[in-house]
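Please keep the sequence and the three-dimensional view at hand while reading.

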Amino acid sequence: MKRVDHAEASSHFIKSKEHLEFHDRRLWDLRQKRDREAEAIPEWEELRALASAIKEHTLSHLGDYLEQFERNATANGMRVHWARDAAEHNQIVYDLLGKQGVEILVKSKSMLTDECDMRPFLENRGIEIVETDLGERIQQLDGEPPSHIVVPAVHKLRGDVAQVFSRTIGTDPKKSDVPYLAESQRQHTRPYYLKAGAGMTGANFAVAETGSFVVCTNEGNADLSANLPKLHIASIGIEKLIPRIADLGVFVRMLSRSALGSPITQITSHFRAPRPGTELHVVLVDNGRSERLGMEGFWPSLKCIRCGACMNTCPVYRRSGGLSYGATYSGPIGVIIDPAFNLRKYSALPFASTLNGSCTSVCPVKINIHDQIYRWRKVIAERGQLPMVKKEAMRMAGKVLSSPKLYRMAVKAAQAGLDYLPRSMIYNPLNAWGRQREVPKAPKASFREWYLKNR
């Protein structure tokens, strides 16, 4: 399986200065809004600590809480299914749709179904899938995966969306104002809710105590998907469990503030039982989560509540775009989740980070993201998954950095090179640091030289 080359993939995004600047500015705006909301709550850090503790406790007793959820959900009238991996999940969904003769499925945003590649699986078997979230629908119509956990089409400009809609649903390509585009998509999608034989959602949280689950949205599309068709299927990763309904308030207070810098999502829907005359099925999905739970140093990634705060603050993600990661999960959280799915394929991703720790500092459940990124780098090196060029570069760097004399000589040589070498010697395909950026001018004196002169 081909390795994802994040640097190469990101170069295509970086070529468009307009897209790059908008993407960076838009996501940093979300980060700043998050900060304002967090600072307005005196107990914010206590909430983070409590949320982290609840998640750690749940993961430590996950088997018990899953069984409790199944018992209570079944008693409520839901039907619970278990899927060990993506293949089982997709087959379960397909069988449920087949029994009802479903030809059209409307679904709300779900990273889990993207992770399982469910849409192509079902489409290849004759079932039409309609994404009802605006961002997801844009991406579906454009033949692209989502680029962000919360705002799937954040890398697109209004003009891009206008062109996609013009090509696919017949809008005016010259009209790119947001109300027109949003209303056009709404009018195009609404009939599908009435024609669909089934609706599908994910879940933000599942509560063991009540056998219920919660979906948080801003558009209302999940409610329409769940309540208009007679069959509702919810795909839920096993890590979405929390013990009690009383715990839910902690996470609901933090989710939208961390994701979008808003006090709460516009719609927080609780699903506890099927409506009269309908069916409600829950598919609990493992797909590598149990294995990750047993991985020392990496299990805290299962605390993630998919808010995207780490992506909004990450300087690498903001300047490379989510599609460059080549995976369902991008940004810092993707960097620590993806290698657990396929270490060889995603071995480059842990190096797409400056290890600045900003991701860890904004995480509402206090996942030690930058520590795990560093741990993955060690694992990748130990298992021989480093490309030869990087391996040799690290070997040489290790020798230079371990010798003060060699290090000082290298600094002098670099200074001279930047001052006197022609541009072609620095900015060429062999020098990754010279791609897409100007190397800063070297200072006149190193810190050591300044220190020796001024101490």
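In this predicted model, arginine 26 forms a salt bridge with aspartate 29, and the closest N and O atoms of the two are 3.7 Å apart. Both residues belong to helix 2, where three residues, about one turn of the helix, separate them. Side chains of opposite charge can pair when their charged atoms come close. Arginine 26 is partly exposed, with a relative accessible area of 29%, and aspartate 29 also counts as partly exposed, at 26% relative accessibility. Helix 2, which covers residues 17-39, also contains glutamate 21. Glutamate 21 is partly exposed as well, its relative accessible area being 39%. From C-alpha to C-alpha, glutamate 21 lies 40 Å from histidine 232, and 211 residues separate the two in sequence.

The structure holds 25 salt bridges. Another of these salt bridges joins the side chains of glutamate 131 and lysine 107, with an N to O distance of 3.1 Å. Glutamate 131 lies in strand 3 and lysine 107 in strand 2 (residues 104-107), so this pair ties together parts that are 24 residues apart in sequence. Are these two residues buried or exposed? Glutamate 131 is buried, with a relative accessible area of 1%, and lysine 107 is buried, with a relative accessible area of 1%. Buried here means under 20% relative accessible area.

A further salt bridge is formed by lysine 412 and glutamate 449, whose closest N and O atoms are 2.6 Å apart. Because lysine 412 lies in helix 20 (residues 404-420) and glutamate 449 in helix 22 (residues 447-454), the pair ties together parts that are 37 residues apart in sequence. Lysine 412 is partly exposed, with a relative accessible area of 49%, and glutamate 449 counts as partly exposed at 28% relative accessibility.

Attention now turns to one helix and its surroundings. Seven of the eight residues of helix 8 (residues 134-141) are buried, so this helix is largely enclosed by the rest of the structure. Among the buried residues of helix 8 are Glu136, Arg137 and Ile138. Which elements do the buried residues of helix 8 pack against? They pack against helix 6, helix 7 (118-123), strand 3 (128-131), helix 9 (158-169) and helix 10 (178-195). At the start of helix 8, a side-chain oxygen of aspartate 133 comes to within 3.0 Å of the backbone nitrogen of glycine 135. Just after helix 8, glycine 143 adopts a positive phi of about 70°.

The protein is divided into domain 1 (41-287), domain 2 (291-382) and domain 3 (390-454). The C-alpha centres of domain 1 and domain 2 are 22 Å apart, and the contact takes 30 residues from domain 1 and 26 residues from domain 2. Between them, these two domains bury about 2500 Å², of which 62% is on carbon and sulfur atoms. Arg48, Leu59 and Ile149 supply 25% of the area that domain 1 buries against domain 2, more than any other three residues.

Polar groups and charges also meet across this interface. Domain 1 and domain 2 have two salt bridges between them, and ten residue pairs are in polar contact across their interface. On the side of domain 1 that touches domain 2, the elements giving two or more residues are helix 3 (44-60), helix 6 (111-115) and helix 12 (245-260). Helix 3 gives the most to this side, with seven residues. The residues of this side of domain 1 divide into 16 nonpolar, six polar and eight charged. In a separate pairing, the side chains of glutamate 56 and lysine 303 meet in a salt bridge, at 3.7 Å from N to O.

The last stop is arginine 289, which is found in helix 13 (residues 289-293). Arginine 289 is buried, with a relative accessible area of 3%. The side chains of arginine 289 and glutamate 115 are joined by a polar contact of 2.9 Å. Leaving aside residues up to four places away in sequence, arginine 289 touches several residues, including Leu112, Gly237, Ile238, Leu302 and Tyr329. Glu115, Glu239, Arg289 and Arg306 are linked in a network of salt bridges.

Conventions. Residues are numbered from 1 along each chain as its sequence is written. This is a predicted model: local features need pLDDT of at least 70, side-chain atom pairs count only at pLDDT 80 or more; totals for chains, interfaces and linings use all residues. Side-chain values use heavy atoms; hydrogens and water are left out. Helices (H or I, at least four residues) and strands (E, at least two) are DSSP runs, numbered from the N terminus. Buried means under 20% relative accessible area, exposed over 50%, partly exposed in between (1.4 Å probe, protein chains only). A polar contact is a pair of N or O atoms within 3.5 Å; within protein, one must be able to donate a hydrogen and the other to accept it, and residues adjacent in sequence count only if both atoms are side-chain atoms. Contact means heavy atoms within 4.5 Å. Domain bounds come from an automatic or database domain assignment. Buried area is the accessible area (1.4 Å probe) that two parts lose on being put together, summed over both. A salt bridge is a side-chain nitrogen of Lys or Arg within 4 Å of a carboxyl oxygen of Asp or Glu. Ala, Val, Leu, Ile, Met, Phe, Trp, Tyr, Cys and Pro count as nonpolar, Asp, Glu, Lys and Arg as charged, and the others, Gly among them, as polar.
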